[in-house]
Amino acid sequence: MPAAGVVMIIAVVAIVAAAVFYLVSTIVALRRITNGLDEAIAGVVAIIDKSAPVADVVNTINQNLDAGVDLLEGLLVKKAGLADAVGLIDGLYPGAAAQGLRNLPDAKRVKVPRISEVYTRGTLTLARLGREAPIAAASPNGPALRNAVYGSKASAALYPDGRPGRQPSLPRSPVIGVDSPVQYDPDEEVGGPRKRLPLAQERS
Amino acid sequence: MTLEWIGDVILLVVVLPVVIYLLHGVLTAANSIVPSVNRIAAAAQRGSADLDAVPLLLHTQEQTIATVGVVADYGGSLDVILDDAQGA
């Protein structure tokens, strides 16, 4: 065999050997890629399975929260009035007045009273909860938040002629003991109303 | 004979380096994908682990329903106790 043929064979063998080496290495790398993709696919499938019920649950939670917000907003507006309600919300959450109330588009056009610049949150809460709180009393500048006199129709109905002052004399506490002037019969007293004795007799 | 030597030279000097260069490029590209795929797999597994708390949403859902119910009851009581605003 001529020398040129031997060299050609060696060259071809070298080319094939290089091709085999690199192709096998590539196959090994591709197998590692396949294994990695299998793990990734398994993780993604797990994510899909776990996140499947999230949308329904979150939607249900949002619906309930929306109902709660609607209820509280409606109650606040009903009890405090639209302007004061927006002012109170803006006092607790600065900037919230710009967003208005969801079910009351007119809330965005209300001139918001600057309640938070005058009263603290705790005072605002007390003022809203207790209609006869000191903050609601008449001040030299006029009513603070609500009219103290007409703010409570229910309490005013209890005293149509005005709230009574202190009684001139109150019945004294009964004297008890074996030497007490009035002896109570436990059989009569237990479970029954207390005897209303004449004032003079109670004082004796 | 001369042509055979020329062919040998071409095979050794041109074809063999070109084959090696191209196959080396393919192998380098394949090897560069492996770390990325491994990172993707690890991220998917971590993401899956982060979602293990999703069942707690069911408890949150129940608590939300109960809380809104209590708020509704409390609001109903306040509606009875408190007077409406003037003009309301």
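Trainee: How many salt bridges are counted between chain A and chain B?

Mentor: This is a predicted model, and side-chain atom pairs count only at pLDDT 80 or more. One salt bridge joins the side chains of A:K79 and B:D79, at 2.8 Å from N to O. Between chain A and chain B the count of salt bridges is 4.

Trainee: Which element gives the largest share of the side of chain A that touches chain B?

Mentor: Four elements of chain A each give two or more residues to that side: α1 (3–51), α2 (54–80), α4 (121–129) and α5 (153–158). The largest share amounts to 28 residues, and the element that supplies it is α1(A).

Trainee: How do the residues of the side of chain A that touches chain B divide into nonpolar, polar and charged?

Mentor: The contact involves 53 residues of chain A and 49 residues of chain B. Across the interface, 8 residue pairs are in polar contact. On the side of chain A, the division is 32 nonpolar, 12 polar and 9 charged.

Trainee: Which residues in chain A lose the most area to chain B?

Mentor: The size of an interface is often given as the accessible area lost when the parts come together. Here chain A and chain B bury about 4,200 Å² between them, with 75% of it on carbon and sulfur atoms. In chain A, 15% of what that side buries comes from the three residues that lose the most area, namely A:Y22, A:K50 and A:K79.

Trainee: Why is the pair of A:F21 and A:Y22 classed as it is?

Mentor: The structure holds 1 aromatic pair over all chains. The ring centres of A:F21 and A:Y22 lie 5.2 Å apart, and their planes stand at 75 degrees. An angle over 60 degrees counts as edge-to-face. The pair is therefore edge-to-face.

Trainee: What percentage of the residues of chain A count as buried?

Mentor: Chain A has 7 helices and 0 strands, and its elements run α-α-α-α-α-α-α from the N terminus on. Among its contacts between residues at least 6 apart in sequence, 43% join residues at least 24 apart. Of the 204 residues of chain A, the share that counts as buried is 25%.

Methods. Residues are numbered from 1 along each chain as its sequence is written. Chains are lettered from A and ligands numbered from 1 in the order in which they are written. This is a predicted model: local features need pLDDT of at least 70, side-chain atom pairs count only at pLDDT 80 or more; totals for chains, interfaces and linings use all residues. Side-chain values use heavy atoms; hydrogens and water are left out. Rings of Phe, Tyr and Trp (its six-membered ring) pair if their centres lie within 6.5 Å; planes under 30 degrees apart count as stacked, over 60 as edge-to-face and the rest as tilted. Contact means heavy atoms within 4.5 Å. Buried area is the accessible area (1.4 Å probe) that two parts lose on being put together, summed over both. A polar contact is a pair of N or O atoms within 3.5 Å; within protein, one must be able to donate a hydrogen and the other to accept it, and residues adjacent in sequence count only if both atoms are side-chain atoms. Ala, Val, Leu, Ile, Met, Phe, Trp, Tyr, Cys and Pro count as nonpolar, Asp, Glu, Lys and Arg as charged, and the others, Gly among them, as polar. Buried means under 20% relative accessible area, exposed over 50%, partly exposed in between (1.4 Å probe, protein chains only).
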